[in-house]
Amino acid sequence: MPGPLRALLGLWAALGLGLLGLSAAAQEPLWADLQPRVALVERGGSLWLNCSTNCPRPERGGLETSLRRNGTQRGLRWLARQLVDIREPETQPVCFFRCARRTLQARGLIRTFQRPDRVELMPLPVWQPVGENFTLSCRVPGAGPRGSLTVTLLRGTRELVRRSFPGESPRARGAVLSAAVVARREDHGANFSCRAELDLRPHGLGLFENRSAPRMLRTFALSPEPPRLAAPRLLEVGAGSPVSCSLDGLFPASEARVYLALGDQRLDPDVTLEGDALRATATATASAELEGARELVCSVTLGGESREAWANVTVYSFPAPLLTLSESSVPEGKAVTVTCAAAGAGALVALDGVPATAPGQPVQLQLNASVNDDGRSFLCDATLEVDGEVLSKKETTELRVLYAPRLDDSDCPRSWTWPEGPEQTLHCEARGNPAPSVHCARPDGGAVLALGLLGPVTRALAGTYRCTAANAQGEAVKDVTLTVEYAPALDSVSCPERITWLEGTEASLSCMAHGVPPPHVSCVRSGQAEAIEGLLHVAREHAGTYRCEATNSRGSAAKDVAITVEYGPSFEELSCPSNWTWVEGSGRLFSCEVDGKPQPRVECIGSRGTTGRVLLPLAPPDPSPTAPSIPSEPASGIYTCNATNQHGSMVKTVAVSVEYRPVVAELAASPPGGVRPGGNFTLTCRAEAWPPAQISWRAPPGALNLGLSSNNSTLSVAGALGSHGGEYECAATNAHGRHARRITVRVTGPWLWVAVGGAVGGAALLAAGAGLAFYVQSTACKKGEYNVQEAESSGEAVCLNGAGGPGASNSAQGDTDPDGTAETPAGGEVFSIQLTSA
């Protein structure tokens, strides 16, 4: 609350107290009051104090304090004053009034606080060895009161040490916090800082916080051992030699610095790091000014500390010896001088092992150049002792001797043998200087061999070639032969897949194979083990499949060869019978099969009359939908069958008979007029068939006294009765079928006569029926042809074709053929017989 407002409120309170004071003076004790009684003010701030009393009429009053005042407001019983620039840690102002000869007092308490505006972390070491302690120190000047202050040391965001100051005097200000910390590898590059917190929340104020600027720590580890220095003991002037310096146990190795020098010549090393190890390499090149004993030094520095190593190097000068030829290229037979000399003082030389007489003296060799000297190498060896070590340098040179080409068998053989297929390189090399050119071609100007080139080997390359080697000194000529070997091959020309032999001739299975070396060919019949060789007298059993295999050193080849044996036609009775029966309508063709290869052509021809010729239809060897149809009217007779193929023909005579099923050609009654009761009539049946048909009859039930001719072709009735009326059937039967026709007979007359006649003739009729039954049973049934029912009233038909024959179960209107078809009577006839009274 602002100071003037608090003062005005105090004035109002004083006025109120004054109004009440008259009435309460006698009852309430007198007092003086100071507001606020206790105050906490930021250092340098200001505060309004209100001093008041309940004295009705105070004589005087005031506020005693050492603090600076900025203004005062008064009333009868109150006083308000503003205090400014409050800096004392703690003051006690006193409010007083003089009332009724008494002094009324009220004492207050004012304290100040200061925020942690300055937080300082003391500087850290530039480099701190790993494993050793270093001190973190934080200073927070003027902040307070100290009892509300907390100071924390931090590594990044992690707290290391935290300290508060409880129980400190309210007047205490500022703080210092120090701690010893062990340096670690992970502290390298870490930031350290200090944080100060002034917590005035218990006093109704806030939390005031500040943090120092961070300081980075650099830690290091350096091995106490010196670096390992690798350097040559001797170093030649002008020659570079590698040197290296390495040291382990460095952290951080990337911060280390390497110094490498030879004498006063500083080297520029390449530094490589691997974990905590460092390796520096450089090339030391000595100049002539450094000749003599020198010191190579390596120094590794890290964290202000160094490790050093030294090595002694002797710099020397040793030029290579001089090796010369009087002429480097000479024709064959010319003299040559070889000289070996030292290039520097103190060196001893030797030519091809022959030493000079003294250090610094040359050595010479003289020779007459020959072919064997071409390409000869000469060695000049110089030795020099340096610092107790003998050094050596060598020089070599070659002598060229010019000579004409030579084609030796070792370099260009007279014959080559190569397998076909893999790529090969043909070498035909000639000796000579200058190097000769070699050309190999066929003498007839044909193919040329590609010498020295990798290429495929084909059989077309085989042959004899003339190789010519030439250079400036002359030429040489040589004939060479190239043989290309390849595995056997069996082609269709030299070994056909199919071979045809003729029975009775002589033949051999000759299967030729291509290949180098010449292949061996053998042929074995399938299922057998022995190969066939030489001439064979061809028989049909030689036909079959043969496996022919050709072999040589390069491989093998095999193929199947089918042998066919052909022969002329021949007839066999089983396959082409001499007698043949042709059943009309049977659908069969004449079978006449002929043995022969190729399959013979067969024709069977017969004569018809004097001029016509008939071709017998034959069943083809391989039935097909295009087989010839059967003639509608086959002809019986003698036919001549002729079988022909390319190897001959054969003739056979065959007899052909034609058979056919029965046909009832005629069924008639006689007389054709009417028949009266008691009259006679005859039924005639004529059939056409081959072989001839058997005739059988079926009469109406109860028809007795039937007479049959010897061949059953005629049925006769004497004394016709009414029971003879009805349907009669004639059936013709042979081995190829059955045919039937029917005819109806009616017996009619005056009914009176019939009635009287029936009564009078009943007994006679019974007697006659019994006699007819006896006659039929005693004659026809004995031949197995008829079976007449004895009982007229039984209602069953009379079987006239043998007991239990095929006509026994047929109806009266038709018959059934063996093939299941029904035969209908062709124009059945009905006869009416008129009977007149006597």
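Arg459 is partly exposed, with a relative accessible area of 40%, where partly exposed covers the range between buried, under 20%, and exposed, over 50% (1.4 Å probe, protein chains only). This is a predicted model, in which local features need pLDDT of at least 70 and side-chain atom pairs count only at pLDDT 80 or more, while totals for chains, interfaces and linings use all residues. Residues are numbered from 1 along each chain as its sequence is written, and side-chain values use heavy atoms, with hydrogens and water left out.

**Salt bridges**

- The count comes to 45 salt bridges, each defined as a side-chain nitrogen of Lys or Arg within 4 Å of a carboxyl oxygen of Asp or Glu.
- Arg459 forms one of these with Glu420, the closest N and O atoms being 2.9 Å apart.
- Because Arg459 lies in the loop between strands S42 and S43 and Glu420 in the loop between strands S38 and S39, the pair ties together parts that are 39 residues apart in sequence.
- Glu420 counts as partly exposed at 29% relative accessibility.
- Asp199 pairs with Arg201 at 2.8 Å between the closest N and O atoms, and Asp199 is partly exposed at 27%.

**Sheet of 4 strands**

- Strands (DSSP runs of E, at least two residues, numbered from the N terminus) pair if DSSP finds at least two bridges between them.
- An open sheet has the order S21-S23-S27-S26 with antiparallel pairing; S21 (228-230) and S26 (270-274) stand at its edges, each with a single partner strand, so one side of each is left without a neighbour in the sheet.
- S26 and S27 (residues 277-285) pair over 5 bridges, and Leu273 has Leu278 in S27 as its bridge partner.
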